[in-house]
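Please open the model in a viewer and keep the selection panel at hand. The stops below proceed from salt bridges to pockets.

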Amino acid sequence: VIPENFEGYKKVREASSIPITGGESHFTRYGFNRLLANGCVDIAQPDSCVTGGISEVMKIAALCSVYGTRLIPHVWGSAIALHAAINLCFTLPDMPPSLFPEDMLLEYDRTPNIFREKLAGKPLKITDGSVLPTDTPGLGLEVDEDLINRYSI
(Lines give C-alpha, C1' and ligand atoms only; values in the text may rest on other atoms or scores of the structure.)
Protein backbone atom coordinates (compact mmCIF):
# COMPACT_ATOMS: atom_id res chain seq x y z
CA VAL A 1 0.00 0.00 0.00
CA ILE A 2 1.50 3.35 -0.90
CA PRO A 3 1.89 5.71 2.09
CA GLU A 4 -0.82 8.14 0.94
CA ASN A 5 -3.48 5.43 0.56
CA PHE A 6 -5.09 5.61 3.99
CA GLU A 7 -8.15 3.67 2.84
CA GLY A 8 -5.88 0.90 1.54
CA TYR A 9 -4.06 0.70 4.88
CA LYS A 10 -7.41 0.44 6.65
CA LYS A 11 -8.62 -2.36 4.34
CA VAL A 12 -5.42 -4.35 4.87
CA ARG A 13 -5.70 -3.90 8.63
CA GLU A 14 -9.35 -4.99 8.67
CA ALA A 15 -8.58 -8.08 6.55
CA SER A 16 -5.60 -9.32 8.55
CA SER A 17 -5.05 -10.74 12.01
CA ILE A 18 -1.37 -9.76 11.68
CA PRO A 19 -0.59 -6.35 13.25
CA ILE A 20 -0.11 -3.77 10.51
CA THR A 21 2.77 -1.34 10.78
CA GLY A 22 3.58 1.77 8.81
CA GLY A 23 4.66 5.35 8.90
CA GLU A 24 8.29 5.22 7.89
CA SER A 25 7.31 7.31 4.85
CA HIS A 26 5.05 9.75 6.71
CA PHE A 27 6.14 13.19 7.75
CA THR A 28 5.42 15.27 10.87
CA ARG A 29 2.67 14.77 13.44
CA TYR A 30 0.11 15.97 10.90
CA GLY A 31 0.75 13.04 8.57
CA PHE A 32 0.72 10.64 11.50
CA ASN A 33 -2.51 12.13 12.82
CA ARG A 34 -4.23 11.15 9.56
CA LEU A 35 -2.66 7.67 9.70
CA LEU A 36 -3.80 7.13 13.29
CA ALA A 37 -7.20 8.83 13.10
CA ASN A 38 -8.12 6.65 10.13
CA GLY A 39 -7.26 3.44 12.01
CA CYS A 40 -4.60 2.51 9.47
CA VAL A 41 -1.97 0.83 11.64
CA ASP A 42 -1.50 -1.18 14.80
CA ILE A 43 2.11 -0.02 15.10
CA ALA A 44 3.37 3.42 14.04
CA GLN A 45 6.97 3.57 12.81
CA PRO A 46 8.18 7.16 12.54
CA ASP A 47 11.75 7.70 11.35
CA SER A 48 13.25 10.61 13.28
CA CYS A 49 15.44 11.53 10.29
CA VAL A 50 12.46 12.11 7.98
CA THR A 51 9.58 13.06 10.29
CA GLY A 52 11.13 16.23 11.65
CA GLY A 53 13.61 15.06 14.28
CA ILE A 54 13.47 13.62 17.77
CA SER A 55 11.19 16.37 19.12
CA GLU A 56 8.66 15.76 16.33
CA VAL A 57 8.68 12.01 17.06
CA MET A 58 7.92 12.84 20.70
CA LYS A 59 4.81 14.69 19.46
CA ILE A 60 3.91 11.67 17.31
CA ALA A 61 4.36 9.52 20.43
CA ALA A 62 1.80 11.70 22.21
CA LEU A 63 -0.63 11.10 19.34
CA CYS A 64 0.02 7.35 19.53
CA SER A 65 -0.81 7.51 23.22
CA VAL A 66 -4.12 9.21 22.44
CA TYR A 67 -5.02 6.54 19.86
CA GLY A 68 -3.63 3.59 21.89
CA THR A 69 -1.22 2.72 19.09
CA ARG A 70 2.16 1.12 19.71
CA LEU A 71 5.19 3.03 18.45
CA ILE A 72 8.37 1.32 17.23
CA PRO A 73 10.86 3.74 15.69
CA HIS A 74 12.07 3.08 12.16
CA VAL A 75 15.67 3.77 11.21
CA TRP A 76 17.45 3.42 7.92
CA GLY A 77 20.77 4.85 6.93
CA SER A 78 23.85 6.08 8.74
CA ALA A 79 25.29 5.61 12.22
CA ILE A 80 24.01 9.09 13.05
CA ALA A 81 20.45 8.01 12.21
CA LEU A 82 20.86 4.83 14.23
CA HIS A 83 22.22 6.64 17.30
CA ALA A 84 19.43 9.23 17.07
CA ALA A 85 16.86 6.40 17.01
CA ILE A 86 18.49 4.62 19.95
CA ASN A 87 18.45 7.83 21.99
CA LEU A 88 14.82 8.29 21.01
CA CYS A 89 13.99 4.80 22.30
CA PHE A 90 15.45 5.66 25.71
CA THR A 91 13.23 8.77 25.96
CA LEU A 92 9.91 7.38 24.73
CA PRO A 93 7.17 6.54 27.20
CA ASP A 94 5.68 3.05 27.20
CA MET A 95 3.67 2.61 24.03
CA PRO A 96 0.85 2.08 24.67
CA PRO A 97 0.81 2.85 28.38
CA SER A 98 0.42 -0.34 30.40
CA LEU A 99 0.97 -1.82 33.84
CA PHE A 100 3.16 -4.43 32.12
CA PRO A 101 4.62 -2.61 29.11
CA GLU A 102 6.30 -4.42 26.27
CA ASP A 103 10.01 -3.87 25.70
CA MET A 104 10.90 -0.98 23.41
CA LEU A 105 11.87 -2.26 19.99
CA LEU A 106 13.79 -0.65 17.14
CA GLU A 107 13.76 -1.80 13.55
CA TYR A 108 17.43 -2.44 12.81
CA ASP A 109 18.68 -2.64 9.23
CA ARG A 110 21.44 -5.24 8.84
CA THR A 111 22.16 -4.62 5.16
CA PRO A 112 25.88 -3.82 4.75
CA ASN A 113 26.32 -0.05 4.97
CA ILE A 114 29.72 1.52 5.60
CA PHE A 115 28.11 4.75 6.84
CA ARG A 116 26.24 2.85 9.53
CA GLU A 117 29.03 0.41 10.38
CA LYS A 118 32.08 2.69 10.34
CA LEU A 119 30.93 6.33 10.62
CA ALA A 120 30.58 6.16 14.41
CA GLY A 121 34.14 5.00 14.95
CA LYS A 122 33.32 2.56 17.77
CA PRO A 123 30.65 -0.04 16.92
CA LEU A 124 27.54 -0.37 19.06
CA LYS A 125 27.61 -3.07 21.70
CA ILE A 126 24.58 -5.23 20.98
CA THR A 127 24.17 -8.11 23.44
CA ASP A 128 21.31 -10.59 23.07
CA GLY A 129 19.45 -8.06 20.92
CA SER A 130 19.77 -5.27 23.47
CA VAL A 131 21.82 -2.09 23.38
CA LEU A 132 22.75 0.21 26.25
CA PRO A 133 23.33 3.94 25.87
CA THR A 134 26.94 5.05 25.52
CA ASP A 135 28.61 7.53 27.82
CA THR A 136 29.70 9.66 24.86
CA PRO A 137 28.05 13.13 24.88
CA GLY A 138 25.32 14.09 22.43
CA LEU A 139 23.88 11.23 20.42
CA GLY A 140 26.55 8.91 21.76
CA LEU A 141 28.97 8.71 18.86
CA GLU A 142 32.08 10.36 17.57
CA VAL A 143 31.91 10.83 13.80
CA ASP A 144 34.87 9.45 11.84
CA GLU A 145 35.88 12.56 9.87
CA ASP A 146 38.38 10.54 7.82
CA LEU A 147 35.56 8.35 6.49
CA ILE A 148 33.58 11.44 5.49
CA ASN A 149 36.61 12.95 3.78
CA ARG A 150 37.34 9.69 1.96
CA TYR A 151 33.86 9.68 0.37
CA SER A 152 33.53 13.43 -0.20
CA ILE A 153 33.36 14.68 -3.77
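Begin by selecting R70, which is buried at a relative accessible area of 12% (buried means under 20%, exposed over 50%, partly exposed in between, with a 1.4 Å probe and protein chains only). The model is a predicted one, in which local features need pLDDT of at least 70 and side-chain atom pairs count only at pLDDT 80 or more, while totals for chains, interfaces and linings use all residues. Residues are numbered from 1 along each chain as its sequence is written, and side-chain values use heavy atoms, with hydrogens and water left out.

R70 belongs to strand β3 (residues 70–71) and E102 to the loop between α5 and α6 (114–117), so the bridge ties together parts 32 residues apart in sequence; helices (H or I, at least four residues) and strands (E, at least two) are DSSP runs, numbered from the N terminus. E102 is exposed, with a relative accessible area of 57%.

The whole structure holds 5 salt bridges. Select R13 and D42 for another, with the closest N and O atoms 2.9 Å apart. R13 sits in helix α1 (residues 6–15) and D42 in the loop between α2 (28–37) and β2 (43–44), 29 residues apart. R13 is partly exposed at 30%, and D42 is partly exposed at 26%.

Next, select D109, R116 and E117, which a network of salt bridges links. Between R116 and D109 the N to O distance is 3.1 Å. R116 is buried at 9% relative accessibility, and D109 is buried at 10%.

Now turn to the largest pocket, with about 430 Å³ of space. A pocket is an open set of points on a 1 Å grid over the protein atoms alone, where a 1.4 Å probe fits, with protein on both sides within 12 Å along at least five of seven lines; lining residues have an atom within 4 Å of a point. Select M104, L106, G129, S130 and V131, which lie nearest its centre among 14 lining residues. Helix α5 gives the largest share of this lining, 4 residues. The lining comprises 11 nonpolar, 2 polar and 1 charged residues (Ala, Val, Leu, Ile, Met, Phe, Trp, Tyr, Cys and Pro count as nonpolar, Asp, Glu, Lys and Arg as charged, and the others, Gly among them, as polar).

How values were computed:
Grid points are joined across faces, edges and corners, and a volume is the space filled by probe spheres set on the points. A salt bridge is a side-chain nitrogen of Lys or Arg within 4 Å of a carboxyl oxygen of Asp or Glu.
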